[in-house]
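Please examine the sequence and the model below before reading on. The explanation that comes after them is meant to be followed with the structure in view.

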Amino acid sequence: MKKMIFIEPKAPGFHIFLRFPLPRIGNFILAALMKQRGWEVEVIIEELQKIDFEKIKAADLIGISTITPTAGRAYVIADKTREMGIPVIMGGPHVTFLPEEALEHADFVVRSEGEHALMALVDALENGNDYSKVPNLSYKLNGKIVHNPIESFLADLDELPYPDFSVSKGDNHFIAGQRIIPIQTSRGCPFDCSFCSVTGMFGKKYRFRSTENIIEELRQYNKKNYFIFFYDDNFTANRKRARELLLAMINADFHFHWSTQVRVDVAKDVELVKLMKRAGCHTVFVGFESVNPESLIAMKKNQTVAEIANAIDVIQGNGIHIHGMFVYGFDEDSWQTVKETVKFAKKVQLTSMQFLILTPFPGSEFYKRMLSENRIVIKDWSFYDAHHVVFKPQKFSLLNLQRAQIYSHTKVYTILEMSKKLFNKNLVGLGLAYYARGINRMWQKKSKVYMKKLKSTRPGRESFEFDDYRVNIVLDEEKAQV
Ligand code: B12
Ligand code: SF4
């Protein structure tokens, strides 16, 4: 029996998601499809399991999934795999937008959604190697790169198998004693935020699975100590379908709690928020992004500061926790924005929050703009984790934008702020604050070389040679691994 191994490489460095080693689910869906074809499959989540290259040697095909911060590590693994003579296919958002770069390391790149493309590619590999009809594929033919057209997005998401987590040792993702199950009920987003690559990857049309199909998947996980993380980018983008799904979940009387991502506009429908709570919603992740009205307009977020404040009232008022996500670095942002954001965040008493640095992710409009304005200063992808300044901001020096991020985490996770959480009996918030405080401190400790480099940077001379420093980190990890 032929064997395919899928790998999700480890993210480099030290970041706020360190203790939340959740996998993306594409690999698990693709693995389920390959299993249906009769292949033996395995998924390695490097964050949870070391890569055994002896095993890789015995496989027939390797699939590597990338996002931008993991791209460097993905290329190291791909090079090593190809040295052993095993063909490598890469997929995921990073290589979707930079297939030429990836083809320096992989035999094939699958752009955008991978399900149909992978099946067609394996057909081609099994039947004579004519790749010309494989949708979404980039590959080399006689030394020249060929990009086959992207076929339209999957119209019927119900045709997909459920992600098969049993094919990985990283099957058990426990956080605070609960097993986290990732489930995606929809793809795409009708909005167009300038910093986001979701629409470039999965389209602007909001596509969703049928309620029956989702409920059937959820039934497998109707157990105590299970927690569902709906990976949707915008769970309530279609309120009618959200209502139908929530009612079905309430009728099914599930034991588990769940979290998901929503936009602030969910609060315009208070009944919907109440239904979410009744259906077991524990936490929502909300991209507030900024309390600077000019930045909100510039990033095309389509939301106002008043809507943000109202959403917090409605969501928290209905007993749902909020993880608020803020970003600094838009051209309209200054120290004033940072101070106002911190003040706002303290006032509204969110359960948890993150203040990350605007990052030009390939696939986003912001990336294209930074490239065309020649403002990208660090090209090493392992810095693209939203914890590092990689472009030249307008109203900050690089160092000050970096400091803005550290300052905000320091200010919202003080002992005083933690005592407020204790006083309000928000123990979840207290635990997360303790965690975030530790991460913020550790990050500073581990990033001394980087900070020193930033400090020595003179305005107008922000061209960087960080690459060496970071690549060294990746190589050190590699040394420890292989
Ligand atoms: C869940 C999630 C997380 C989780 C887990 C992340 C992880 N393991 O990397 C958490 C919360 C920890 C997280 C954190 C971050 N995330 Co996140 N996250 C997501 C989210 C919402 C869902 C991922 C998912 O499962 N998607 C659904 C499956 C079906 O898609 P998929 O896995 O990509 O697979 C499909 C294709 O990509 C392709 N494919 C993928 N791999 C392969 C392999 C082969 C061989 C083939 C053929 C095809 C193929 O086919 C699959 C099926 O169609 C996505 C948004 C999104 N819609 O994808 C953002 C997303 C991946 N995150 C993103 C980012 C930027 C981050 C952060 C840097 C923080 C931030 N938001 O600023 C951190 C970094 C984390 C890290 N590891 O370093 C970006 C990545 C952008 C980019 N250009 O790389 C995304 C796309 C969101 C965005 N707004 O643009 N994230
Ligand atoms: S940031 Fe959220 S709302 Fe904006 S385009 Fe991306 S997924 Fe949609």
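The model is predicted, with local features requiring pLDDT of at least 70 and side-chain atom pairs pLDDT 80 or more, while totals for chains, interfaces and linings use all residues. Residues are numbered from 1 along each chain as its sequence is written, chains are lettered from A and ligands numbered from 1 in the order in which they are written, and side-chain values use heavy atoms, without hydrogens and water.

Helix H13 comprises 14 residues, 335-348; helices (H or I, at least four residues) and strands (E, at least two) are DSSP runs, numbered from the N terminus. From first to last C-alpha H13 reaches 20 Å, close to the expected 20 Å, the expected span being 1.5 Å times one less than the number of residues. Thr337, Val338, Thr341, Val342, Phe344, Ala345 and Val348 are buried in H13, where buried means under 20% relative accessible area, exposed over 50% and partly exposed in between (1.4 Å probe, protein chains only). The buried residues of H13 pack against helices H12 (305-317) and H15 (398-412) and strands S15 (321-328) and S16 (352-357), with contact meaning heavy atoms within 4.5 Å.

Ligand 2 is surrounded by Cys189, Phe191, Asp192, Cys193, Phe195, Cys196, Asp233, Arg263 and Lys301, each with a heavy atom within 4 Å of the ligand. Cys193 counts as buried because its relative accessibility is 12%, whereas Cys196, at 26%, counts as partly exposed.
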